[in-house]
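Morning, everyone. Let me put the model up, and then we'll walk through it chain by chain.

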Amino acid sequence: MSSTLLNVEELQVHFKVYGGILKVLNDVALTVNEKEKVGLIGESGCGKTTTMKAIMRILPWNAIVPKAKIYFKGKDIMKMSDSELKRLRRRSISMIFQDPTAALNPVFKIRDQLFDIVKYANLEMGKNLSKKEIEEEAIRLLREAALPEPERILDSYPFQLSGGMRQRVCIAMALASAHELLIADEPGTSLDVTIEDQILRLLKQIVEEKRTSIILISHALGAVKGFVDRVYVMYAGCIVESARTPDLFREPLHPYTKGLLAAVPKLTGGGIPSGIKGRVPDYMNPPLGCRFVTRCEYAMPICEKKQPRMIKAGNDHEVACFLYGE
Amino acid sequence: MRLITYIAKRVGYTVFVLLGLSILIFTLARVLPGDPARMALSPRAPEWAVEKLREQLRLNEPLPIQYIYWLRDVFSGSLGESLVTRRDVLTDITEFLPATLELLLFALIFDVIIAIPIGMLAGRKANTWIDNLVRGFAYIGVTIPAFVFAIIFLLIFGYILQIAPTVGRLSPGVMPPPRITGLITIDSLITGNFSTFVDALSHLILPSFALALGPIAQEARITRASVVENLNKDYILASISHGIPERLIVLKYLMRPSLIPTVSILGLDIASLMGWAFLVESIFNWPGMSRYGIIAMLRKDLNAIVGVVMVTGLVFAIANIVVDVIVSLLDPRIRMVERAK
């Protein structure tokens with residue numbers, strides 16, 4: 001097995017809001033190995049993006065982090081100095097935000113935004129590029145993101161580009177500095193399915209060519225299935241199951257994962273899928289035990305009292321559920 | 001559309017706005033009770049003399065005809081004779097307007113150079129003691145009118161501490177510089193008279209600062225709110241996540257989108273500055289348009305009233321064109337949409 005690149009343990013993130021404290025992330029743990037493609041799935045509002053923002057250390061001002069161990073190549077990101085953090089962001093990890101329209105500064109041309117990113121990414125590698133070299137590099141990145149007419153893109157403002165183009169621009173920006181790990185937060189979800197598919201293919205091709213790792217966040221299970229090596233399933237701020245992709249789809253263990261898979265409509269018919277009843281629990285007063293207990297059809301007395309821990313349920317397959325032992 | 005065409009178009013609209021304003025103020029001034037001819041002469045003046053003046057002022061003509069005569073005069077470069085000063089209103093205004101403009105200019109400078117930095121600072125340090133301090137000051141600034149500040153400044157700096165002059169534009173004995181723009185600070189700099197410049201500046205500080213405090217508070221609040229909003233935007237988080245230096249993020253990626261509302265409000269500030277300037281000028285005995293305007297209204301000096309209002313309207317219109325051009329330079333979306341029309 002290849003060596004560990006990113007290792008998150010006991011990550012807790014709370015948010016201070018008007019009425020109290022939202023306990024969103026509850027001991028999230030995940031691992032990404034070198035050159036590994038990892039998927040993170042779960043319904044909206046379950047803390048996927050928050051987990052990634054915690055890794056990048058870009059949580060909003062009202063976030064509290066009571067506990068966190070986030071190791072990147074053995075070094076704790078939470079304890080990094082400003083210059084170490086800059087180095088990490090400029091060279092190693094990059095994040096593609098969920099909404100490409102919101103992730104691009106509306107009042108600057110792509111040229112301004114991409115040039116700064118390229119400049120500082122290269123500066124960190126000891127290369128002080130000239131204006132011309134920066135432009136060449138920027139054009140190369142845009143081409144790598146499969147954008148036609150990169151010169152025209154450079155001279156455009158974000159609002160002059162289509163949604164798909166903006167998404168590709170965001171990918172090009174991320175490529176400037178993601179030499180080891182790319183975090184893609186639901187890429188293409190805001191676009192139509194054909195474009196989404198193109199974007200996912202492009203990302204897959206890029207990470208395989210460049211041999212970088214990727215965390216792909218998604219709620220589209222089909223997208224994850226053909227892309228990643230391993231999947232983490234997240235529910236209400238907890239990782240509830242992790243397995244190699246084929247294993248997870250063949251034999252989902254956690255009741256939540258089962259529900260999630262059953263919620264996908266099938267072409268072969270069978271009516272509207274059953275889905276999962278209820279909603280993500282209130283983060284202000286989350287259930288004491290398993291956070292899925294209120295919606296789980298297999299709930300047992302113990303589920304309300306105790307938080308299940310991740311237990312081994314097979315080869316590379318872990319689940320946090322009392323149905324499979326304590 | 002090119003910038004120059006955009007400006008030309010805006011100027012075109014402004015002409016219509018001013019025309020509308022002139023009809024409104026022309027009518028309003030005349031329908032108010034009181035006989036301007038009788039007020040200009042004394043109560044004991046014989047009726048035939050009053051009638052003669054009325055004839056001379058064309059007050060016996062129907063209102064639309066009077067207006068057309070006035071408009072004809074405007075196009076030949078005259079705003080009509082003032083009954084108080086017995087000079088052309090345009091001559092009077094060219095004499096008094098520069099003092100007011102200078103006051104407004106310095107108030108605006110104070111507004112911009114104080115409000116933007118403290119607003120940005122408060123926004124970046126949201127919910128800390130710095131932010132609370134700025135917000136506290138802003139509440140005071142927004143709620144207390146300019147003339148109260150003017151009186152307080154007069155008391156503290158002019159009377160108790162005696163560190164700044166409180167009357168007029170220059171100290172007695174200081175020769176005003178030759179009139180080029182009418183703004184003493186600028187004229188004295190052009191002619192290289194530095195001591196006059198300093199003296200003029202010391203006279204400007206208290207009234208213009210008293211005038212500026214309200215807008216400073218207003219703009220600081222708006223800048224703060226805008227910075228707080230932008231700080232949580234994905235594009236700022238994205239810049240951070242790409243390892244862009246903090247200084248560059250603040251001064252480039254955060255500042256430009258945050259300043260769009262601030263600059264837009266500046267146009268409105270100019271209107272309130274001009275309104276308050278009347279009172280502040282009275283308090284500091286500032287020889288600007290206010291005294292002229294107030295006397296014109298009390299004496300029902302028709303041409304002067306219309307002239308003062310029109311000039312005020314013109315200044316406001318020009319200021320707003322400038323503001324809109326700056327906003328369109330800051331925000332490409334507004335630029336493209338506005339100019340595509």
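A term before we start: a residue is buried if 20 or more other C-beta atoms lie within 10 Å of its own, exposed if 12 or fewer, and partly exposed in between, with C-beta atoms placed from the backbone. This is a predicted model; local features need pLDDT of at least 70, side-chain atom pairs count only at pLDDT 80 or more, and totals for chains, interfaces and linings use all residues. Residues are numbered from 1 along each chain as its sequence is written, while chains are lettered from A and ligands numbered from 1 in the order in which they are written.

Chain B, then. Of its 341 residues, 36% count as buried. It has 14 helices and zero strands; helices (H or I, at least four residues) and strands (E, at least two) are DSSP runs, numbered from the N terminus. The C-alpha atoms of chain B fill a box of roughly 85 × 55 × 40 Å along the principal axes.

Now chain A. Which order do the strands of its sheet take? S2-S1-S4-S5, in an open sheet of four strands with antiparallel pairing. Two strands pair if DSSP finds at least two bridges between them. S2 and S5 (75-76) of chain A stand at the edges with a single partner strand each, so one side of each has no neighbour in the sheet.

Look at S1 (residues 4-17) and S2 (residues 20-33) of chain A. Ten bridges join these antiparallel strands. A hairpin connects S1(A) to S2(A) through two residues. A:Lys16 has A:Ile21 in S2(A) as its bridge partner. A:Thr4 stands opposite A:Asn33 in S2(A).
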